[in-house]
Every structure is written in C-alpha cells, then in structure tokens.
Amino acid sequence: MTDHMREYSRRQFLKVAGAAGAAVGIGGIAAACSTAATPAPATAAPTSASSAAATAAATAAASAPPTWTFNWMTWGDHWYQAQVDAIAATNNIKVNSTLFSDNIDAYTKVKQVGGQLDMVSGDALWVPHYFESGLIEAWDINSLKVAKQLYSIAREFPIWTKPEGYLGYPFGWSPVQIYYDPKHVTPDPTSWDLLLDPKYKKRIVVENQPVEIMAYMGKFTGAKNAYSMTPDEIATAKEAAKKLKPNILKLADQATDTIALLKTGEAWIATGNLGTDIRVKDQGGPDLKVFTPKEGTIGWMDSEMVVKGGTNQNLIFPFLELAEQAEYIAANFMLNGRPLFNEAAYKILVNQGQQDRADRYLYNKPETVHTMDLKGPGLSTQAVIDAWNEVWAG
C-alpha cells in the first residue's frame, strides 16, 4: 500500500476504481489497497514434483514477452502504484520514476542528462521554455486516441501550441491558496502577510520551490510580474522572505508532506492546491479554512513532455494511451485531489456519486486557468533563486 493510497479510505477508492473494468484491473487495485500482507506459504521440502514445477515456471518465464522500461521525472501525484503495476503486468511497459519538487530542478536535470530521460513533467510556462531550449519534442496531441477524453480547452492552450505541434500531454491544474486551522489562526486572514506573522513561528509549510516562494513574496510586496521582478522588487521580496523564514516548519518536497503536517496539527498554515482542506479532513485531520490572498495568487497547469532524443522515447505514446485513460485519472483524483484535465474522468466521478466532491475542486471549470498568473521561468528566475538561497542560508 503506497503513501498516496493511504490518503483515502479503501472503500472510496474502490468505488471509483470499480468503473475501471479491464483497463484498470480491479483485482490489482484491491491487492494494492489491502492493508494486510498475505503470509508467504511455507516452503516445502524439495521433491521431484516441485522441481518439475520450478522447471516449468522457469521455461514459462523465459518465453514471456520482454518488459520495456522508460525513465520519467515527475511529481509523486502523477501516478499511483496500482496503475503502473497493472500497465507493467498487462502491457509490459515499466516506469522508472524520479521525483522532483521545483521546476527549475527538473529543467536543470534534463539539460544535464538529455536523452537519459524519456519523459518529464512541467508547469505552464516552463513547458515552452523546455521547447525553446531544444529539450523536448513537439507532436500531434490528436494522434493519441486518449486525448479525445480531455476537455477541448486542454488541447488548445496557446502557450503549448507551436507550428511543429503540441508541447505536452495536459494533466492537472490549480491555483495556489492558503489553508489554515481556525482554532489557532485568528482573525480570519486575507493577505499573504499571514505567512510573515511572528506568532506563527515554526507553524507554516510551503513548497520547497524557491521560485514560487519568492513569487508569493513578490505578489505580497506589489511586484508587477512575480516571475520577472526588477532588482528593486527582488530586494523588497527578499526582505519579506526574511520574515517568512523563521515561521517555516518545513519546506515540503511533495504535497503529501503538507497534508501530513496539517493532519497532525504540527502545521497550522500552508500553501497548497485546491482541495487541500478536503484531503486533510479525509485523513482525520482538523477542519481547515482557505482563502485566496487579496494581492492575488499564482497557479499551475502541468503536462507530460517528451524529452528530445530519449533512449526509450518509443514507449511514451503507448504508455500515455494507457496511463491517461479516464478510469485511471478518476482514481488518481480520488487519491490525490486537485482538478485534472480529463473530462471523461469527471463523468465517471459523477456516475460514481462523486460529483459534489469534484465540483468543490472546480474539476468541471478548466477555464479557470485563464484567470491565474501561471508558473514559469521569467527574467528574474536565477536572481530570485539566489535571493532565496541567501535568505535560507542566513
């Protein structure tokens, strides 16, 4: 049982996954969700019969079709174990995944190793930056049959559209909001300045993403463009970041880290995606409140990109045809929350009695992405990373 699957009850997950049929393989999911390991059978003394059986098994294994593996750098909520296990078992495509936190880390890694990676996930304006840097391929998204399951808007984002083709397979999206425990946080906040209040020392969790943290501070201090700040704007945001630093309990590498700390009550405040409050409550945590800062916020929409020259690039499209099926995506939503771009998955959720939950996450409102300041590299990317590193090391 993976950490992701612990976030929701086995009953909730199986209810949605039950719609998967042959595509998901409900037996595999049930096994992956089981909280009790099946005891191994006692080892029998060697006999001629058992030797014959072993020989037969070895012969069968030798004649089995080969399993192919590709390398994927991504976030931990873009897949779940039962999903990749089922694809490996039935389609002989295995995933070797490497997790990352900040877009700049993944971008830097791809620049370093190139085709040693085959697919990489990325946010919003980072996607065309990869392309302009010659790191990813453009391709015809409509060549994948599964793409028909997407909301049409997701196949037509101008920032991901080039004459050569589309730059990624759309996955999910969300604005960044601030969540807090009203038992400990009063009065109800409305601004980013909540993160700087000294009475919340060591009670705040933010993502381990320097570019985004400095963007929050830029929004708070009035920067015109939080991703392309002037030297003076960076200096002002840096002073705000100095006030934030002592309040940070943890820099979260994955969303599950944030959920866990809010659940236990160690953290009272956190930045997070849509539905963080629901996920915390589902795990037995406190009732949280949420707000969008009055100064405005940032948001993300991410996709899967094909790395140029990837050694195992031929496996990417067959994998996407399988992994992006609505049944898998509906189950992923129940496991990890946040709205996803697969419209067919939303219909499954509705049919399984989960419409209220999905609508609370704005799942059926993908056009909301057009109202957000999207994550991406700007003119000040390296400068804000340097500024944050100086703050954190100070």
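**Exercise 1. Determine whether Gln-254 is buried or exposed, and find which residues it touches.**

Gln-254 has a relative accessible area of 18% and is therefore buried, where buried means under 20% relative accessible area, exposed over 50%, and partly exposed in between, computed with a 1.4 Å probe on protein chains only. The model is a predicted one, in which local features need pLDDT of at least 70 and side-chain atom pairs count only at pLDDT 80 or more, whereas totals for chains, interfaces and linings use all residues. Residues are numbered from 1 along each chain as its sequence is written, and side-chain values use heavy atoms, with hydrogens and water left out.

Leaving aside neighbours within four places in sequence, Gln-254 is in contact with Trp-75, Gly-76, Leu-99 and Phe-100, contact meaning heavy atoms within 4.5 Å.

Finally, look for polar contacts, which are pairs of N or O atoms within 3.5 Å; within protein, one atom must be able to donate a hydrogen and the other to accept it, and residues adjacent in sequence count only if both atoms are side-chain atoms. The side chain of Gln-254 reaches the backbone nitrogen of Gly-76 at 3.1 Å, and a polar atom of that side chain lies 3.1 Å from the backbone oxygen of Phe-100.

**Exercise 2. Describe how helices H4 and H11 pack, and which residues make the contact.**

Two packed helices are described by the angle between their axes and the distance between the axes. For H4 (residues 81–91) and H11 (residues 316–323), the angle is about 120° and the axes are 11 Å apart; axes are lines fitted to C-alpha atoms, for helices over the stretch in contact, and angles run from 0 to 180 degrees between N-to-C directions. H4 and H11 are therefore oblique to each other, since angles under 35 degrees count as roughly parallel, over 145 as roughly antiparallel, 65 to 115 as roughly perpendicular and the rest as oblique. The contact is made by Gln-83, Ile-87 and Asn-91 of H4 together with Phe-319, Leu-322 and Ala-323 of H11.

**Exercise 3. Identify which residues Glu-321 contacts, leaving aside its neighbours within four places in sequence.**

Glu-321 is found in helix H11, and its contacts, once those neighbours are set aside, are Ser-143, Leu-144, Lys-145 and Val-146. Glu-321 and Leu-144 are 177 residues apart in sequence, yet their C-alpha atoms are 6.6 Å apart in space. The side chain of Glu-321 also reaches the backbone nitrogen of Lys-145, at 2.9 Å.

**Exercise 4. Describe the packing of H8 against H15.**

The axes of H8 (residues 231–244) and H15 (residues 381–393) come within 10 Å and cross at roughly 30°. That angle makes H8 roughly parallel to H15. On the H8 side the contact is made by Ile-234, Lys-238, Ala-241 and Lys-242, and on the H15 side by Ala-383, Val-384, Ala-387, Trp-388, Glu-390 and Val-391.

**Exercise 5. Find which residues of helix H13 are buried, and what caps its N-terminal end.**

In H13 (residues 343–351), the buried residues are Ala-345, Tyr-346, Ile-348 and Leu-349. They cover an arc of only 160° around the axis, which puts them on the same side of H13; the arc is that of the directions from the helix axis to the C-beta atoms. Beyond the helix comes Gly-353, whose phi is positive, near 80°.

**Exercise 6. Examine the backbone at Ala-124, Leu-362 and Pro-187.**

Ala-124, a residue other than glycine, has a positive phi near 40°; it sits in the loop between strand S3 (119–123) and helix H6 (126–132) and is buried, with a relative accessible area of 0%. Leu-362, which is not a glycine either, has a positive phi of about 60°, and at 29% relative accessibility Leu-362 counts as partly exposed. Thr-186 and Pro-187 are joined by a cis peptide bond with omega about -10°, and Pro-187 lies in the loop between strand S7 (177–180) and strand S8 (204–207).

How values were computed. Helix = DSSP H or I, 4+ residues; strand = E, 2+ residues; numbered from the N terminus.
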